[in-house]
Amino acid sequence: MSEELVPETKESPQPPGPKPREGWKKGGRMLSVLLSVNVLLLACTLISSGAFNKVAVYDTDVFALLTAMMLLTTIWILFYLFRTSRCSDAVPYLDSHAGPIWLQGGLVLFGVCTLVMDVFKTGYYSSFYECQSAIKILHPIIQAIFVIIQTYFLWVSAKDCIHTHLDLTRCGLMFTLTTNLANWMAAVVDESIHQAHSYSDNSSHARLTSNGERSSSMAIEACPCNTTFCQIFERGYFYLYPFNIEYSLFASTMVYVMWKNVGRLIGPSHDHGHGHIPSPASLFRETLFIGPVLGLLIFVVGLGVFIIYEVQVSGDKSGIDQALILYYSFNIACLGLMTLVSLGGSIIYRFDQRTMDHHKNPTRTVDVALLMGAALGQYAISYYSIVAVVVGTPRDLLGGLNLSYSLLMIAQHTFQNIFIIESLHRGPPANQENPPNEPVHGLTYANQDALQTLPAYPSTSRLVGSTPPTPQETVTVISVSQSNWRRRCLKDISLFLLLSNAILWIMPAFGARPHFNNNTELDFYGYSLWAAIVNICLPFGIFYRMHAVSSLLEVYVLS
């Protein structure tokens, strides 16, 4: 009797743990979202107001708000690491698909670049500390501490399904997400104003100045940046702003997944439909080699085009035009091939007999949402370019290339998203889902006695060659052959798209900005508006390429 009662007392406390929280789960999420929205709106209002000279909001006010937000977020992260996560049964489950290695690697890479940017910014403001507010020097120091602690936090806790302090954890994660979005917006605005200030100085009609020294011309004269180190620091930290922007986006994505996993219960079927990451040696083993070879060719040619573009774009007007023609021509060819290949992959799926995986998978839902949401950035830039080229004048070769490039960019994102999303929802291959229990007909065994020792085949199985195969068996062999051919084609398509997305990520991530070298959009929209559009939307396009590489690697595994 006592032995039967002991298991009941051990199992009975488990269900009541999460059940009382289920009724308040939506309420807890709503509370955290409302907190995030209000703080984010306050930060956006202050940051956007500080971008204009006519508004009496100074950059020191913006720095003070961002510093306070980062300090509060750092305090909560330390509380989570040393108190919440160490409670008994605080993390009963781990989401094995949250925080993939590519996302963690990108977070560390961009985090290191952000730290270098903070060093440059601290050195820049310290060069004339006599006439600067202390908050300008304190802000990059606090940001460096925040980046280090947050990166460690996301590295060790990204997979946690926390079940302790649920409402506090939800609010803390949402506040962390808000802090990253506020830093992202501040970096975008600061970079846009700096670019507009540089352009205005060159055009002799300056209206906006950099967020760090925008108060007045008297302030600039009072705080001159005349030393060599000061100028190096100034150029360096503005060059590193894109990496800071990407870091904020990566951190926001990982924090959002953690917020979704708060209080989550994971069943035994959580790993359904996901394969292991292949080793580099076996990456090309099951392909036709057409896709990998063509993808490597696109990648190598793209690197050469990128180097030539960066060299020529800093020259005279004719050199800039040649660089733009080369850049647009390569991208048109690459995007055209990617569009056709993605369309071909979707057509192959029309003949695929694998069933669709309709299991609830929050990680896959987030992946699809990120693909669709990040593509909107490149969509926006392309449509703005199309309007400027079609409505504006003159219509020359660069205008035609720009129009073709924008249209193909929209088509490529659309068809690639369709291919990736359909691939992620496909079930495993038939030979993995239901391994055959019968001998594969059509093979001649040299050692017939060895066949009897195979565990998959019963000893009573007849050997091929003793009797001819039936028509039904012949059809089975043909269908298996066609299935293997489709699988190889899908793997080739996945690897080609993976390598192509990689080079299309490298180009804008490391400085290729044809949007500011082509005067069509600049003359149509004006520098200030166009710089804001590009600086807001382009980081999403860069993030899309990295996320597409990860998704295509998973498509390769599932094919």
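**Figure 1. Asp-167 and Arg-170 lie 3 residues apart in helix 7 (residues 166-203), and about one helical turn therefore separates them.** The model shown here and in the following views is predicted. Asp-167 and Arg-170 form a salt bridge in which the closest N and O atoms are 3.5 Å apart. A search of the whole structure finds 1 salt bridge. Side chains of opposite charge can pair when their charged atoms come close.

**Figure 2. His-165 has a positive phi although it is not a glycine.** The phi angle of His-165 is about 50°. This residue is found in the loop between strand 2 (160-161) and helix 7. His-165 counts as partly exposed, its relative accessibility being 29%.

**Figure 3. Helix 5 (residues 101-126) and helix 20 (residues 527-558) cross at roughly 145°.** The axes of helix 5 and helix 20 come within 10 Å. Two packed helices are described by the angle between their axes and the distance between the axes. From helix 5, the residues Trp-102, Leu-103 and Phe-110 take part; they meet Phe-543, Met-546, His-547 and Ser-550 of helix 20. Sorted by class, the contact of helix 5 with helix 20 comprises 5 nonpolar residues and 2 polar residues, with no charged residues.

**Figure 4. Phe-153 and Phe-419 have the most contacts inside the largest nonpolar core.** This core has 132 residues. Helix 20 gives the most to the core, contributing 14 residues. In soluble globular proteins, nonpolar side chains tend to be buried together. With its neighbours within four places in sequence left aside, Phe-153 is in contact with Trp-76, Ile-77, Tyr-80 and Leu-81, and also with Ala-158, Leu-173 and Met-258. In the protein chain as a whole, buried residues make up 50% of the 559 residues.

**Figure 5. Trp-184 and Phe-540 are one of the 25 aromatic pairs found in a search of the whole structure.** The pair is edge-to-face, with 5.5 Å from centre to centre and 80° between the planes. Because Trp-184 lies in helix 7 and Phe-540 in helix 20, the pair ties together parts that are 356 residues apart in sequence. Trp-184 counts as buried at 15% relative accessibility, while Phe-540 is partly exposed with a relative accessible area of 26%.

**Figure 6. Phe-243 and Phe-510 form an edge-to-face aromatic pair.** The rings are 6.1 Å apart centre to centre, with 65° between the planes. Phe-243 is buried, its relative accessible area being 8%, whereas Phe-510 is partly exposed, with a relative accessible area of 37%. A pair of aromatic rings is described by the distance of the centres and the angle of the planes.

**Figure 7. Six aromatic residues are joined by ring pairs into a cluster: Phe-63, Tyr-124, Tyr-125, Tyr-237, Phe-238 and Tyr-241.** Tyr-124 and Tyr-125 are among the members of this cluster, and helix 5 spans residues 101-126.

**Figure 8. The C-alpha atoms of Ser-404 and Ser-329 are separated by 9.5 Å.** Along the chain, Ser-404 and Ser-329 are 75 residues apart. Ser-404 lies in helix 14 (residues 397-424) and counts as partly exposed at 32% relative accessibility.

**Figure 9. Asn-519 and Leu-398 have C-alpha atoms separated by 9.8 Å.** These two residues are 121 residues apart along the chain. Asn-519 has its place in helix 19 (residues 519-525), and with 37% relative accessibility Asn-519 counts as partly exposed. The protein chain has 20 helices and 2 strands. Of the contacts in the protein chain with a separation of 6 or more, 86% are between residues 24 or more positions apart.

Conventions
Residues numbered from 1 in each chain as written. Predicted model: local features only at pLDDT ≥ 70, side-chain atom pairs only at ≥ 80, totals over all residues. Heavy atoms only, no water. Salt bridge = Lys/Arg side-chain N within 4 Å of Asp/Glu carboxyl O. Helix = DSSP H or I, 4+ residues; strand = E, 2+ residues; numbered from the N terminus. Axes fitted to C-alpha atoms, helices over the stretch in contact; angles between N-to-C directions. Contact = heavy atoms within 4.5 Å. Nonpolar A, V, L, I, M, F, W, Y, C, P; charged D, E, K, R; others polar. Core = buried A, V, L, I, M, F, W, Y, C linked by side-chain atoms within 4.5 Å. Buried < 20%, exposed > 50% of the residue type's maximum accessible area, 1.4 Å probe, protein only. Phe/Tyr/Trp six-rings, centres within 6.5 Å; stacked < 30°, edge-to-face > 60°.
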